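Okay, thanks for coming, everyone. Let me put the model up on the screen and then walk you through how it is put together.

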Amino acid sequence: MWRGLWSLVARAARGPRSPRPCMRQGSGVPGASSGATIFALSSGQGRCGIAVIRTSGPASGHALRSLTAPRDLPPARSACLRLLSHPRSGEPLDRALVLWFPGPQSFTGEDCAEFHVHGGPAVVSGVLQALGSVPGLRPAEAGEFTRRAFAHGKLSLTEVEGLADLIHAETEAQRRQALRQLDGELGHLCHGWAKTLTKALAHVEAYIDFGEDDNLEEGVLERANSEVRELELALGAHLRDARRGQRLRSGAHVVVAGPPNAGKSSLVNLLSRKPVSIVSPEPGTTRDVLETPVDLAGFPALLSDTAGLREGAGPVEQEGVRRARERLEQADLILAVLDASELASPSSCNFLDTVVAPTVAGSPSGDSQRLLLLLNKSDLLPPGGLDPSPNLPPHLLLSCLTGEGLDGLLEALRKELAEVCGDPSTGPPLLTRARHQHHLQGCLDALGHYAKTRDLALAAEALRLARGHLARITGGGGTEEILDVIFRDFCVGK
Ligand SMILES: Nc1nc2c(ncn2[C@@H]2O[C@H](COP(=O)(O)OP(=O)(O)OP(=O)(O)O)[C@@H](O)[C@H]2O)c(=O)[nH]1
Ligand SMILES: [K+]
Ligand SMILES: [Mg+2]
């Protein structure tokens with residue numbers, strides 16, 4: 001072992017650190033720590049069985065004592081039944097469960113109190129008013145509880161984002177993904193990468209400091225280079241996946257297309273379980289693009305119905321066809337619908353040649369568009385079924401009229417959307433935000449500089465820059481504006 005390296009590893013590992021606020025043990029006495037005490041209704045608005053109102057900040061204990069009788073603090077973290085009354089008028093407000101969470105062992109890291117009251121609007125507004133009359137208390141702003149948790153090191157930035165996503169999750173896949181991010185998986189991945197960079201940086205710095213020294217181990221720089229190269233590969237693979245996580249957050253674009261009267265609108269209504277589009281026997285019924293958010297087999301999707309593709313119709317329909325083609329280009333997944341009993345018609349053949357065949361040919365895997373070919377109106381086929389046509393790509397038979405084939409379609413959709421959005425049950429942690437992608441790209445760019453430069457001081461600087469980008473994914477370290485954008489996703493009370 002050669003001297004110096006381990007102190008360098010330690011020095012590099014320390015890196016820049018944000019100072020941790022010094023935490024006061026919960027005493028329930030206001031004033032000892034700075035900052036206002038905030039309060040808000042944390043459960044949903046409107047009449048409900050139980051509503052949860054909470055506070056965070058140094059005056060929490062004082063507020064709890066002011067509203068309850070007897071006026072002492074309940075034991076930490078256990079629910080107690082108390083009569084709540086207005087601290088000024090003494091007017092009884094409700095009989096409620098109250099909880100006391102002395103900091104730092106609380107969600108925000110500060111002293112917190114919770115009031116579980118009966119969920120009538122008058123009770124809730126009465127308790128909120130009573131809290132507002134306690135000195136040092138003010139209503140919370142959107143996301144302020146979580147922002148305080150972040151400020152006190154209770155949550156990393158990616159965990160905060162996971163929490164926001166969990167609150168907004170509407171499908172099973174979104175919930176799984178959000179929970180994984182809240183559990184810190186993406187953060188751990190970034191920490192692992194940052195550790196690799198720290199090691200490589202220590203090697204480079206050792207070389208700078210002891211390069212001429214006989215005691216320096218052979219091949220120190222080569223080792224750093226190979227570590228960086230491996231990291232570049234890992235980051236590159238993750239970046240190629242980046243669109244997936246974002247689709248999982250905001251919904252994949254699924255576009256239903258096909259010739260007129262194939263049953264596209266019937267399919268949209270079937271999948272969204274509501275009459276979104278007009279269905280009629282008249283070809284050319286749908287003109288505009290109709291968009292509806294749906295849960296498709298557990299994945300979030302934005303489902304678009306489009307005009308039937310054909311040439312030579314009137315000007316309004318032609319505009320519809322133009323919009324349909326434009327929307328097709330933006331699709332992550334195309335549901336190509338044909339009338340199974342009309343496969344030989346000119347419009348079917350044209351659609352197969354101009355849309356289906358090129359897309360199928362272009363997407364063996366990777367990030368290109370995906371397509372499911374659906375032969376609808378299977379109920380109209382003769383008992384023998386479909387004429388075996390040699391050139392038809394893989395397809396599913398379906399009847400929107402009878403519902404036959406719907407289960408198979410949903411299973412196929414689940415597989416396709418797991419490809420498009422990434423599978424949150426099995427895959428690696430996804431990059432759900434453009435912010436993650438930006439910093440990962442920044443890190444990769446810096447590693448590119450590292451590889452190119454022959455100057456060791458510049459190489460070390462590039463590694464520090466790369467590590468800074470990784471740190472900003474989990475720790476922020478950026479500007480207040482970035483934090484504002486992230487916390488804007490939260491509602492008041494969270
Ligand atoms: N027999 C049968 N008829 C169907 C089926 N699906 C849809 N239809 C009928 O086919 C006709 C056209 O259906 P739409 O859903 O309007 O078809 P579309 O592709 O949206 O038509 P355009 O918007 O005009 O391009 C309607 O009369 C539907 O009732 C099916 O599975 N079987
Ligand atoms: K129609
Ligand atoms: Mg239609």
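Bookkeeping first. This is a predicted model, so keep in mind that local features need pLDDT of at least 70 and side-chain atom pairs count only at pLDDT 80 or more, while totals for chains, interfaces and linings use all residues. Residues are numbered from 1 along each chain as its sequence is written, and chains are lettered from A and ligands numbered from 1 in the order in which they are written.

When I say helix or strand, I mean a DSSP run: H or I over at least four residues for helices, E over at least two for strands, numbered from the N terminus. Strands pair if DSSP finds at least two bridges between them.

So, one sheet has seven strands, is open, and reads β3-β4-β5-β6-β2-β1-β7 with mixed pairing. At its edges are β3 (68-69) and β7 (137-139), each with a single partner strand, so one side of each has no neighbour in the sheet. Further in, β2 (residues 48-56) runs antiparallel to β6 (residues 112-119), paired over eight bridges.

β8 (residues 252-257) and β10 (residues 299-305) pair in the parallel sense over five bridges, with A252 opposite A301 in β10.

Contact, by the way, means C-beta atoms, placed from the backbone, within 7 Å. Angles run from 0 to 180 degrees between N-to-C directions, and axes are lines fitted to C-alpha atoms, for helices over the stretch in contact.

Now the helix pairs. α8 (residues 220-240) packs with α14 (residues 434-452) at about 150°, axes 10 Å apart. That makes α8 roughly antiparallel to α14, the label for angles over 145 degrees. Residues making the contact include V228, L231 and L235 of α8 and L440, L444 and L447 of α14. By class, it's nine nonpolar, four polar and one charged. For the classes, Ala, Val, Leu, Ile, Met, Phe, Trp, Tyr, Cys and Pro are nonpolar, Asp, Glu, Lys and Arg are charged, and the others, Gly among them, are polar.

The axes of α5 (residues 157-168) and α6 (residues 172-182) come within 7 Å and cross at roughly 155°, and therefore α5 and α6 are roughly antiparallel to each other. Among the contact residues are E159, E161 and D165 of α5 and R175 of α6. That contact divides into five nonpolar, five polar and four charged.

Last, what surrounds ligand 1? There are 22 residues, the closest being G263, S265, T286, G308 and L401; the cut-off is a C-beta atom, placed from the backbone, within 6 Å. α10 (residues 264-272) gives the most, with three residues. The shell has eight nonpolar, 11 polar and three charged residues.

Technical notes
Angles under 35 degrees count as roughly parallel, over 145 as roughly antiparallel, 65 to 115 as roughly perpendicular and the rest as oblique. Two residues are in contact if their C-beta atoms, placed from the backbone, lie within 7 Å.
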